[in-house]
Amino acid sequence: MCAVSVEVALTVRAHFAECPAWDAATGTLLWVDMNEGAVHRYRPADGGDTVTAVGQPVAAALPRAGGGLVLSLRDGVAVAGPDGARRWLTEWSQEGVRGNDAGIDAQGRLWVGTIAGETSPGWLARIDADGTAHTAATGIELSNGITWSPDATRMYYVDTRTRRIDVFDYDLDTGKAANRRVLTDITGTEGLPDGMCTDTDGGVWVALFRGGAVRRYTPDGRLDREITLPASLTTSCGFGGPDLTDLYVTSARRDLGDVEPEAGNLFVVPGVAQGLEGVPFAG
């Protein structure tokens, strides 16, 4: 549906790469190897990749306004300063859930979801700059992609096991999401919806785990592009580069062994669209 060039940006064979996020201040792409507890910074300018271990599974590492990072970790949300010193904003390991994908709205608030535990349902929460957590949705099974429309009046959201992309009405002034409804349901097609991003035309890009593809949906939920990749476990996508016109796609090699030689690599699709400018976490 879309004739493009899919390139390997980094041959890394990650176990479970996730959450590519462009850090404009440093000209680097943040991404994580989740179960390895590793935060990566990829430098497109010279191909370098710096790795920092954080000591437990990490689902997202995003820029922070004061320098350093905000981290969605297994046990909760933490901020790390430029020196690596870390403090918790909220911990939820005692609740039996696990932190997962995250996104930052245009006012610098963090949104993060959880994976349900054996006896504990998951939830979707907003973390304000002062570290206060607000629950926005409950009964979540496997929280994943979170992204916004260009005018920030809509928040798109994936609970993977529903096989849907949902949409909320979003109030940027208050940070409240309401009127959750289905944007599109991909039941019956190959793959599960995972990480997401948005382009400047309002298109919603979603990686299909076990589908080996990234799809673009229009704001009314219509599929209008699909890009196939040489890795079936595509996990997430995000725009990067100086003009935000490179679509980076993460993948996993979990349980695949040598069946897929490209599995776990970081891919890039140049010039496919232009992404929204990211905002660092305000806390």
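Let me start at Q94: at 56% relative accessibility this residue counts as exposed, where exposed means over 50% relative accessible area, buried under 20% and partly exposed in between, with a 1.4 Å probe and protein chains only. Before I go on, a word on the source: this is a predicted model, so local features need pLDDT of at least 70 and side-chain atom pairs count only at pLDDT 80 or more, while totals for chains, interfaces and linings use all residues. Residues are numbered from 1 along each chain as its sequence is written, and side-chain values use heavy atoms, with hydrogens and water left out.

Back to Q94, then. You will find Q94 in the loop between strand 9 (86–91) and strand 10 (98–104); strands here are DSSP runs of E with at least two residues, numbered from the N terminus. Q94 is 178 residues from V272 in sequence, and their C-alpha atoms are 43 Å apart in space.

R13, in the loop between strand 1 (7–10) and strand 2 (17–23), has a phi near 50 degrees, a positive value in a residue other than glycine. D255 sits in the loop between strand 23 (246–251) and strand 24 (266–270), and its phi, near 65 degrees, is positive too in a residue other than glycine. Are they buried or exposed? R13 is partly exposed because its relative accessible area is 23%, and D255 counts as exposed because its relative accessibility is 73%.

D128 lies between strand 12 (122–127) and strand 13 (133–140), and D128 counts as buried because its relative accessibility is 17%. Which residues does D128 touch, leaving aside neighbours within four places in sequence? They are R109, H134 and F281, with contact meaning heavy atoms within 4.5 Å.

R216 is buried because its relative accessibility is 7%. Its side chain makes a polar contact with the side chain of D224 at 2.7 Å. By polar contact I mean a pair of N or O atoms within 3.5 Å; within protein, one must be able to donate a hydrogen and the other to accept it, and residues adjacent in sequence count only if both atoms are side-chain atoms. Beyond four places in sequence, the contacts of R216 include D199, D201, W205 and R222.

Four strands form an open sheet in the order 14-15-16-17, with antiparallel pairing; two strands pair if DSSP finds at least two bridges between them. At the edges are strand 14 (143–148) and strand 17 (176–185), each pairing on one side only. On average, neighbouring strands of this sheet are turned by 25 degrees against each other, direction ignored. Strand 14 and strand 15 (residues 154–159) pair over four bridges in the antiparallel sense, and S143 has D159 of strand 15 as its bridge partner.

Let me finish with a hairpin. Strand 22 and strand 23 form it with five residues between them, and G241 in the turn has a positive phi of about 90 degrees. These two strands pair in the antiparallel sense over six bridges, and S236 stands opposite T250 in strand 23. How many residues of strand 22 (residues 234–240) are buried? Seven of its seven are, and the strand is mostly covered.

Conventions
Axes fitted to C-alpha atoms, helices over the stretch in contact; angles between N-to-C directions.
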